[in-house]
Amino acid sequence: MKKLIVCLLTLAMLGSVLTACAKKETPVQSGDNKEQTTPAAEPQGEEEDEENYNTGDASLDNPRNADGIGENELLVVSFGTSFNDSRRLTVGGIEGALEKAFPDWSVRRGFTSQIIIDHVKSRDGEVIDNVGEALDRAVANGVKTLVVQPTHLMNGFEYTDLEKELATYADSFDKVVLGAPLLTSDDDFNRVADAIVAATKEYDDGETAICFMGHGTEAASNAVYARMQQVLTGKGCANYYIGTVEAEPSVQDVLAAVQAGSYKRVVLEPLMIVAGDHANNDMAGDDEDSWKSIFEGAGYEVVCLLRGLGELAPIQEMFVEHAQAAIGSLN
């Protein structure tokens, strides 16, 4: 009898272990390929969140992935977004400005986010090169002089990774140079501050707090957000506030600063090149932890401006000048 009981208990324990194993989630790599936290059965990132939005017509976007490049190429590298209208107006707007400024150079596109590339291809049939594919295309086309101009906001992890990947192609071209990100010099900070203030001046009535949402990073370059706040404050833009989604200052920091004033309304806008997933969901979404919901919960009227920095002509002109500096460094 004792042996029978022991056997039954053993079988019960084995069944529990097998059931637990069957329920275990399979991790899938996230977009930066550093964390494995997302269950395999759930969609990721923009693919999950964009379902509630009309992201626009992909056919209006130019992926700039044609051959026949010639000897001089200007490769514009962006993280990317699957929000089609924003991609066309921001990344496409910057590329168009560069194309107009440098008619003797072939402008091509490369994205660093493979998840976005794959999603856009699957959903819309639009093919966008990743950086490796864009560089291989340049080699195959016999490009001799390659200028890579990133649309990154800062010199963070993405920029460093791009620099490393480009270094592996150094012997594939006669000349190759990497341009600077948007916020590099003191002049860059002043000009970006002037651009965002000019773009939102209609809201600066003394009763409205104008809050910009950056992405944020664990890299030391996260300091650009505090510096931008200092620049704005130094210019007398007392109603402007800078925060981030994933670092400091947080939305709670921004809320506390706004509550210290006597504002009735809050305007939210991304301090990002594109108005993609973060802008549409983390900033303007209806979830209780979105910036919009948090400020509304605090009693403010909220206006969301879904406009990426890349749409602004002064920002596009800054990228043109950074590319010009890179081209000038070749000589």
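**Reading a predicted model, feature by feature**

A: Start with R64, found in the loop between α2 (45-49) and β3 (72-78). Helices (H or I, at least four residues) and strands (E, at least two) are DSSP runs, numbered from the N terminus. The model is predicted: local features need pLDDT of at least 70, side-chain atom pairs count only at pLDDT 80 or more, and totals for chains, interfaces and linings use all residues. Residues are numbered from 1 along each chain as its sequence is written, and side-chain values use heavy atoms, with hydrogens and water left out.

Q: Is R64 buried or exposed?

A: Buried means under 20% relative accessible area, exposed over 50%, partly exposed in between (1.4 Å probe, protein chains only). R64 has 11%, so it is buried. Its phi is positive, about 45°, although R64 is not a glycine.

Q: What describes a pair of aromatic rings?

A: The distance of the centres and the angle of the planes. Rings of Phe, Tyr and Trp (its six-membered ring) pair if their centres lie within 6.5 Å; planes under 30 degrees apart count as stacked, over 60 as edge-to-face and the rest as tilted. This model has two aromatic pairs. One of them joins Y241 and Y263, edge-to-face, at 6.1 Å centre to centre and 85° between the planes.

Q: Which parts does the pair of Y241 and Y263 tie together?

A: Y241 lies in strand β8 (residues 240-244), and Y263 in the loop between α10 (251-259) and β9 (265-270), so the pair links parts 22 residues apart in sequence. Both Y241 and Y263 are buried.

Q: Where is P249?

A: P249 sits in the loop between β8 and α10. The peptide bond from E248 to P249 is cis, with omega near 0°.
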